[in-house]
Amino acid sequence: MKRIVAVVDALHFREEQLDAFQYVTGLLKGRLKVLLLDGESGRNTPAPDAPLPDLTALQRECGERGIEAELQRGRGIALKEIVRESRFADLLLIDRETSLNNLYDADVPGFIKDVPADAQCPVMVLPAETGLFKEVVFTYNGSYSSVYAIREFMQLFPHLNGKKATVIYVPEKGIPIIPNEQLLNDYLRFYFTDVTFLVLNGLPDAEIRRYLQDKKDCVAVMGAYGRNTFSRFFNPGNARNMMRMLNVPIFITHP
């Protein structure tokens, strides 16, 4: 059993979020702790007397769905508290829509970037609606961090072995040869029977985004190309558009 922590904006909670929590928790056979943020930024936050979700009803809904859940509510839970919770979790779930609701455009990347960068466990950023994980897309650049992310994902989700695996490699120095391709292929074939390697040419963040924007029913694993690429992936100029273009969960972790 795995311990999963989900970060939720209590003021903009959607039932679809429970669908995603139920699916991921079921895959991991896990127990869920939900941190309900009563306004996560401290700016553009509704009045203190704004109605909040009925925790009893939410707890009951989780029970009816078969989700073992613990709910905790706090006004303005700080990033450092989320990071502290992540230290004692196997997976942290954050909803991309939650992270956009009450923030000015200039602040959009802050929460969505800082949590994956600072979290002390793997993080999964969920889209508005999460489909089934029929394919796993791994980003890879030959670095230890990219292999680490692949290994962490497989340790959490070993039963996805009947699904398709696609490895994306974007040459950063103009060399099209995938580093240690055979070793990676051998490793992935312990888990998958269908493994495909793709070489994409261009800037890593742009090519990865372009490849994923029309994808459905898959999950993307990001450990390659460093934290800066992930930051640019959700850059301030078009963060709202880019986030909403992607319909796949993004799993990110780093050593």
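Two strands are taken to pair if DSSP finds at least two bridges between them, and helices (H or I, at least four residues) and strands (E, at least two) are DSSP runs, numbered from the N terminus. The model is predicted: local features need pLDDT of at least 70, side-chain atom pairs count only at pLDDT 80 or more, and totals for chains, interfaces and linings use all residues. Residues are numbered from 1 along each chain as its sequence is written, and side-chain values use heavy atoms, with hydrogens and water left out.

**View 1. Strand S5 and its pairing partners.** Val125 stands opposite Ile250 in S10. Strand S10 (residues 250–252) pairs with S5 in the antiparallel sense over 3 bridges. With strand S4 (residues 91–95), S5 pairs in the parallel sense over 4 bridges, and Leu93 has Met124 of S5 as its bridge partner. Strand S5 (residues 123–126) is covered on both faces, with Val123 and Val125 on one side and Met124 and Leu126 on the other all buried. Buried means under 20% relative accessible area, exposed over 50%, and partly exposed in between (1.4 Å probe, protein chains only).

View 2. A pair of aromatic rings is described by the distance of the centres and the angle of the planes. Rings of Phe, Tyr and Trp (its six-membered ring) pair if their centres lie within 6.5 Å; planes under 30 degrees apart count as stacked, over 60 as edge-to-face and the rest as tilted. The count by this rule is 8 aromatic pairs. In one of them, Phe133 and Phe157, the ring centres are 6.2 Å apart and the planes lie at 65 degrees, so this pair is edge-to-face. Phe133 belongs to the loop between S5 and strand S6 (135–140), and Phe157 to the loop between helix H5 (144–156) and strand S7 (164–169), so the pair ties together parts 24 residues apart in sequence. Both Phe133 and Phe157 are buried. Tyr187 and Tyr191 also form an edge-to-face pair, at 5.5 Å centre to centre and 65 degrees between the planes. Tyr187 is partly exposed, at a relative accessible area of 25%, and Tyr191 is partly exposed at 23%. A cluster linked by ring pairs comprises Tyr23, Phe133, Phe138, Phe153, Phe157, Phe192 and Phe251.

**View 3. The contact of helices H5 and H6.** The axes of H5 and helix H6 (residues 181–188) come within 12 Å and cross at roughly 5 degrees. Axes are lines fitted to C-alpha atoms, for helices over the stretch in contact, with angles from 0 to 180 degrees between N-to-C directions. H5 and H6 are therefore roughly parallel to each other (angles under 35 degrees). Ile150, Arg151 and Met154 of H5 make the contact with Leu184, Tyr187 and Leu188 of H6, where contact means heavy atoms within 4.5 Å.

**View 4. The surroundings of Val136.** Val136 is found in strand S6 and is buried, with a relative accessible area of 0%. Not counting residues up to four places away in sequence, Val136 touches Phe153, Leu160, Lys164, Ala165, Thr166, Phe192, Val219 and Val221. Between Val136 and Asn161, 25 residues apart in sequence, the C-alpha to C-alpha distance is 9.8 Å.

**View 5. The surroundings of Ser86.** Helix H3 (residues 79–87) holds Ser86, which counts as buried at 0% relative accessibility. Leaving out residues up to four places away in sequence, Ser86 touches Leu92, Ala119, Gln120 and Cys121.

Key:
Angles under 35 degrees count as roughly parallel, over 145 as roughly antiparallel, 65 to 115 as roughly perpendicular and the rest as oblique.
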